[in-house]
Amino acid sequence: MWRVVAVRALRGPGAGAGAPRAASGAAAAQLRRRLESELEDIRGAGTWKSERVIASRQGPHLRLAGGGAGACGGGGEEGARCLPPVLCPDFPLSVPAGIINFCANNYLGLSSHPEVIRAAVEALEKFGAGLSSVRFICGTQSIHKDLEEKIARFHQREDAILYASCFDANAGIFEALLTPEDAVLSDELNHASIIDGIRLCKANKYRYKHMDMQDLEAKLKEAQKHRLRLVATDGAFSMDGDIAPLREICQLAQKYDALVFIDECHATGFLGPNGRGTDELLGVMDKVTIINSTLGKALGGAAGGYTTGPKPLIDLLRQRSRPYLFSNSLPPAVVGCASKALDLLMESNAIAQSMAAKTQRFRSKMTAAGFTISGKDHPICPVMLGDARLASVMAEDMLNRGIYVIGFSYPVVPKGKARIRVQISAVHSDEDIDHCVEAFTEVGRKHGALP
Ligand code: PLP
């Protein structure tokens, strides 16, 4: 009886099992009004981000739940739009292509690679669902140590430390490493997680203009008065597909006795002859001191991040880095995915090279068609359109033609620099890419982006 009374008290009168309960009271009502008004402002500003729901595995071809263009005759969940051919086994590959996905960071197509999936299942079976603990209490398994060793070997560094995400790796490193005696110099267009990580530390902060080496040099001169200088940059910038001038950055770092940190989320696994990243691409592997990167993009796409670099730094992070110390260990299945992805990349550079060839195909065909593609040699290919509305209507029309791409406009990118970002993957076929270029050309002509 006491249980029934307790449950009723918790639910409140009349509330059915599982029904949402609104908190009562003036403060809760005031909060609700404020939140609703803020949400209205976001909608009014045209910056509302909605999420399409995918009903299949991540891959070059998708099935979207509910709406969207590209209906096909394939099977699948009730109400799902079917977008074959997919890696999903219930779709025959002979069905003509529906929606082709050009907006994931699945650069190497490993998110649904059968060996990656098998490795995850095996790790799940052998090591369980999760550790119910942080690393230093009761949460380190042999697979975590093995993966850290593999990451360090892949990047040719002394050691590595795993995090739940690269966002966490970026949140942890600056505070653990830098004191008020030190300085950090950060590219103005660095990823939000670097900006937040730097905010958390007490070092002196300098922001240099995007990839502007003159400005970086001026800031380095100014920062000579501090004990230690750390230059922090994305290796590849995800909005523009441009690659940091690491050679020049490393030269300046050497001249002004600074360390170099790079975030390699959009480089690890595919930039450089062996996919080691921006430092390999630009021949400065021995000049970059610290690398942070993600397991959630090219390396299997599950989740997770890491720092790799000098052993004493990694040892210090294990003692001091708050997102590492106070957050749960990576789940074994996630570790299994990333570990297998690294095995595949260390066995052969064929996947990375195939992605590079496809990137080249897309960039050159789009340029020949009359479009301006920002960046160079990177699978992030922003189709520059300028006008926010044009980017939005063209992206929508591309979806109607079976091509899934996303338009970006202010405040995600500067005003007047709206674009549609296309991301190439090693698992796109040449036909997928040609189809995408044809659709862009058609839609571009229709909306006046092309003559
Ligand atoms: N750094 C960069 C440059 C990114 O693009 C991202 C993800 O979007 C992150 C860090 C965060 O990575 P994660 O998804 O592993 O938290």
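A residue counts as near a molecule or strand if one of its heavy atoms lies within 4 Å of it. With that in hand, let's look at the ligand site: 13 residues surround the ligand, and the closest are Cys166, Asp263, His266, Thr294 and Lys297.

A word on what you are viewing: this is a predicted model, in which local features need pLDDT of at least 70 and side-chain atom pairs count only at pLDDT 80 or more, while totals for chains, interfaces and linings use all residues. Residues are numbered from 1 along each chain as its sequence is written, and side-chain values use heavy atoms, with hydrogens and water left out.

The shell around the ligand divides into three nonpolar, seven polar and three charged residues. Here Ala, Val, Leu, Ile, Met, Phe, Trp, Tyr, Cys and Pro count as nonpolar, Asp, Glu, Lys and Arg as charged, and the others, Gly among them, as polar. Helix α6 (residues 166-177) gives the most to this shell, with three residues. Helices are DSSP runs (H or I, at least four residues), numbered from the N terminus.

| Residue | Ligand atom | Distance |
|---|---|---|
| Histidine 191 | nitrogen | 3.4 Å |
| Aspartate 263 | nitrogen | 2.6 Å |
| Threonine 294 | oxygen | 2.7 Å |

A polar contact is a pair of N or O atoms within 3.5 Å. Taken alone, the ligand exposes 400 Å², and the protein buries 81% of that (accessible areas by the Shrake-Rupley method with a 1.4 Å probe).

Notes
A polar contact is a pair of N or O atoms within 3.5 Å; within protein, one must be able to donate a hydrogen and the other to accept it, and residues adjacent in sequence count only if both atoms are side-chain atoms. Helices (H or I, at least four residues) and strands (E, at least two) are DSSP runs, numbered from the N terminus.
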